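Good morning, colleagues. I would like to take a few minutes to go through one structure with you.

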Amino acid sequence: MLKLTVIPGGAQARRKRRAKQWAAAAALLLLTVLSLVYIRFDAAEFILGIPTFLRFLFSDFLPPDPANLQGYIKPVADTFIYAVIATFCSSVLGVCLALLMARTTTPHPLVRTVLRGLISFLRNIPFLAWASLLVVIFGVGTTAGLIALIVFGCGFLARLYAESIEELDQDSMEALESCGATYGQRIKHAIIPQFLPAFYSWTLFMFEINIRASAVLGLVGAGGIGALIKQTMDLFQYGKTSMVIAIMVAMILLVELMTSRIRRRLI
Amino acid sequence: MEPILTIQGLKKQYSAGTWGLNGIELTVQPGEFIAVIGPSGAGKSTLLRCMNRLIEPTEGSVTFLGEDVVHANKRQLRSIRARMGMIFQHYNLVYRSSVLENVLHGRLGYIGSLAGMLGRYPEADKEEAIALLQKVGLENEVYKRADELSGGQKQRVGVCRALAQKPSLILADEPIASLDPKSSKTVMDAIHTNCREQEIACLVNLHQVDYAKAYATRIVGIKAGRVVFDGPVEQLTSDITQYLYEGQEHEMFHKAAI
Amino acid sequence: MAVRKIPIAHKATQRQQRMLGISSLLLLGISLYCADLDMKQIAAGMERLPAIGRQLAQLSFTNGGELLRELVTSIVVAFLSVILGVVAALFLAFLVAANTTPNRLFGRVLNAVFVIIRTIPTTIWVLLAVASMGFGPMAGVLGLMFPTVSYLIRTFASQIEEAGGETIEAIRSVGGTWWHVIAKGLLPTLLTAFMATTAFRFEISVAESVILGMVGAGGIGSLLQGYISYYQFADLSLGILMVFFTMFLLEMGTVQIRKRMGRQN
């Protein structure tokens with residue numbers, strides 16, 4: 001894909017291109033300087049801050065404090081449980097939405113446009129903003145977190161699924177149409193079988209994301225392992241915080257390993 | 001005899017000014033085996049797809065067994081399509097489904113929408129589907145997945161799917177254009193024999209003039225969206241083929257030199 | 001009369017589908033059984049929903065200026081973290097990529113470190129940065145740099161590994177040094193790909209940066225969090241809309257950039 005760049009055109013074109021590159025670089029530099037001024041960036045403080053940060057990281061956080069390990073079992077289990085429920089709900093809803101909004105399967109172009117707008121709105125509002133709002137509505141606890149995961153996951157999956165459906169081979173849809181198959185029959189027999197591999201793959205991906213997300217959810221009061229991180233940090237028990245983070249990292253890596261195993265065995 | 005299909009003044013306009021079809025007149029009698037020949041881009045494929053409205057025609061009429069195809073509503077169209085089989089150049093199978101399921105798709109037009117979605121085909125349909133597969137020499141492939149088959153085998157599955165519809169007319173769009181000579185012959189034989197035995201009329205789009213001559217009872221030549229030749233095989237002189245492929249002779253020779 | 005049904009499906013495919021279906025339903029069942037879902041809480045929330053929806057619908061522009069200022073701060077934080085991140089990642093990626101690393105073992109160890117950094121969510125990095133540097137955008141820049149750098153390193157490294165082969169051999173064969181390989185061979189070749197990656201990462205960083213305020217790193221997130229805690233939903237909806245449009249425009253922008261890069265290659 002990538003070859004040594006051969007610049008087309010003569011010397012003049014080359015010079016023009018050069019000038020353009022310099023202009024872009026200068027603009028970028030200017031933008032950087034303006035940005036630094038805008039947030040009153042103090043280079044000295046920042047650079048000095050880095051060793052402070054590292055010292056903080058290595059002396060206050062490490063080593064992890066292994067006390068009270070069994071206390072972490074429930075939040076970890078909760079994280080798994082909610083990730084499973086959220087993944088399931090958002091994948092079911094996501095498939096329905098995706099079929100309605102994919103160009104090749106939508107019952108009407110208007111449905112597609114409206115849904116796409118809605119999904120784009122859902123998706124482009126940061127996840128944590130949803131979670132935080134839902135905590136206000138549903139109260140502090142895992143319920144708000146679960147609903148946030150479902151709402152966000154639903155938009156996320158609908159888009160990915162819809163893209164996969166649009167990429168599918170249209171030939172078999174055409175063939176089934178020519179046999180006199182109804183809309184429902186075409187979806188079931190031409191789209192679903194071909195879509196399944198992508199469906200499994202994206203759904204597993206969603207599960208991974210949900211596990212990661214639940215670590216963040218706790219920070220705005222929506223339960224899961226993240227709540228422990230906030231709790232311990234607020235109490236300056238940094239050793240415990242790093243223990244929780246270590247558990248979280250292990251959990252995420254384990255889930256990734258598992259899902260990639262499953263993916264490889266799909267036919 | 002009452003014709004199976006009558007086409008009058010059929011036109012299809014693509015984007016402004018480009019006419020895919022430009023006033024086609026055609027009548028198909030029961031049991032005929034018609035080869036539609038012509039250079040690529042002449043509108044053969046569009047013509048076939050306008051007959052079952054996979055492509056909506058712009059003007060003109062199509063009458064199939066006395067029913068108006070162009071103005072048929074959803075339900076009528078479904079029943080019309082169920083009685084018209086179609087075979088495609090790229091087989092158009094569902095490759096992640098079994099061979100048998102692919103053949104049974106031909107029955108979807110006849111069973112209820114929900115039963116079809118659940119895959120509840122009548123046992124008799126299944127038996128007939130298996131019999132069809134046996135007849136084209138795929139008895140060992142019934143439970144294989146469609147993506148495990150070779151090109152020629154895939155097209156034979158496509159033929160079985162069309163036959164499973166028990167159609168009065170089969171539309172075959174370049175059924176052998178992607179196949180090697182040996183498979184081409186097997187596939188053409190399968191289409192020809194079955195259409196003969198079951199008295200199914202058949203319209204086959206073909207590139208290859210020699211195949212057209214070998215199988216067809218009648219030949220229709222299409223050029224620039226119009227019928228320029230329509231007659232029995234014997235009347236197709238080399239002058240006419242020359243005229244048909246004018247400027248695109250390489251295509252004819254290349255494909256015909258099997 | 002029992003008529004034997006003729007099976008129609010492909011056996012192995014069907015078996016796998018059934019197994020996946022059954023095991024996921026089983027998992028769901030266990031999860032639902034173990035989860036202490038409070039239906040009353042959900043019902044109460046649903047009742048509150050219309051009222052809050054009405055409040056959200058009353059868009060208020062009174063805090064527009066403040067929101068805009070903080071939105072720009074968020075974008076600036078993301079921008080700076082990406083700029084600083086690219087500088088660091090450009091250097092480190094060549095140390096990690098399998099075909100340019102000066103020492104295999106060293107490259108692997110470095111890679112493992114970055115895998116762990118990447119696994120820890122951005123929000124937690126920012127939380128740590130805030131704990132050490134205090135509240136403010138600088139903590140945001142520092143916190144965002146960790147995931148940004150590790151993301152860029154991974155992507156850059158795989159691009160180097162993909163494109164390396166011949167270029168490296170060609171330059172090595174005429175006696176070029178490690179620096180020659182990188183500065184004369186790989187950097188010019190990979191510049192467009194790197195730029196596309198960076199643009200894409202910028203989009204992600206902005207998305208992360210707007211929420212960082214929620215854990216105390218400045219930017220529009222802290223305003224949003226404030227509005228939520230004080231039930232100022234009319235102001236909140238303006239903030240959410242602003243975030244939405246920013247993200248939407250950014251997405252369009254990166255799509256354009258990627259299209260152009262695609263055409264160039």
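I shall speak about chain C, then chain A, and finally chain B.

Please keep in mind throughout that this is a predicted model.

Let me begin with chain C. Its secondary structure consists of nine helices and zero strands.

Of the 265 residues in chain C, 39% count as buried. As for contacts in chain C with a separation of 6 or more, 71% of them join residues 24 or more positions apart.

I turn now to the annotation. An unreviewed UniProt entry assigns "transmembrane region" to residues 71–97, 109–128, 134–153, 210–230 and 236–255 of chain C. Residues 71–97 of chain C are 96% helix and 0% strand, and the C-alpha atoms at the ends are 36 Å apart. For residues 109–128 of chain C, the figures are 90% helix and 0% strand, with 24 Å between the end C-alpha atoms.

Chain A carries the corresponding feature in its own record. There, UniProt, again in an unreviewed entry, lists "transmembrane region" at residues 21–41, 80–102, 114–138, 144–162, 209–229 and 235–255. Residues 21–41 of chain A are 86% helix and 0% strand, and the end C-alpha atoms lie 27 Å apart. Residues 80–102 of chain A are 96% helix and 0% strand, with the end C-alpha atoms 31 Å apart.

Finally, I come to chain B. In which order do the strands of its open sheet lie? The four strands run β2-β1-β4-β5, and their pairing is antiparallel. The edges are formed by β2 (19–28) and β5 (67–68) of chain B, each of which pairs on one side only.

Within that sheet, strand β1 (residues 5–13) and strand β4 (residues 59–64) of chain B are joined in the antiparallel sense over five bridges.

Helix α1 (residues 44–51) of chain B lies across β1, β2 and β4 of chain B, and it runs at about 60° to β2(B).

Thank you for your attention.

Conventions. Residues are numbered from 1 along each chain as its sequence is written. Chains are lettered from A and ligands numbered from 1 in the order in which they are written. This is a predicted model: local features need pLDDT of at least 70, side-chain atom pairs count only at pLDDT 80 or more; totals for chains, interfaces and linings use all residues. Two strands pair if DSSP finds at least two bridges between them. Helices (H or I, at least four residues) and strands (E, at least two) are DSSP runs, numbered from the N terminus. Two residues are in contact if their C-beta atoms, placed from the backbone, lie within 7 Å. Axes are lines fitted to C-alpha atoms, for helices over the stretch in contact, and angles run from 0 to 180 degrees between N-to-C directions. UniProt positions are given in the numbering used here, feature names are shortened, and annotations may be inferred rather than shown by experiment. A residue is buried if 20 or more other C-beta atoms lie within 10 Å of its own, exposed if 12 or fewer, and partly exposed in between; C-beta atoms are placed from the backbone.
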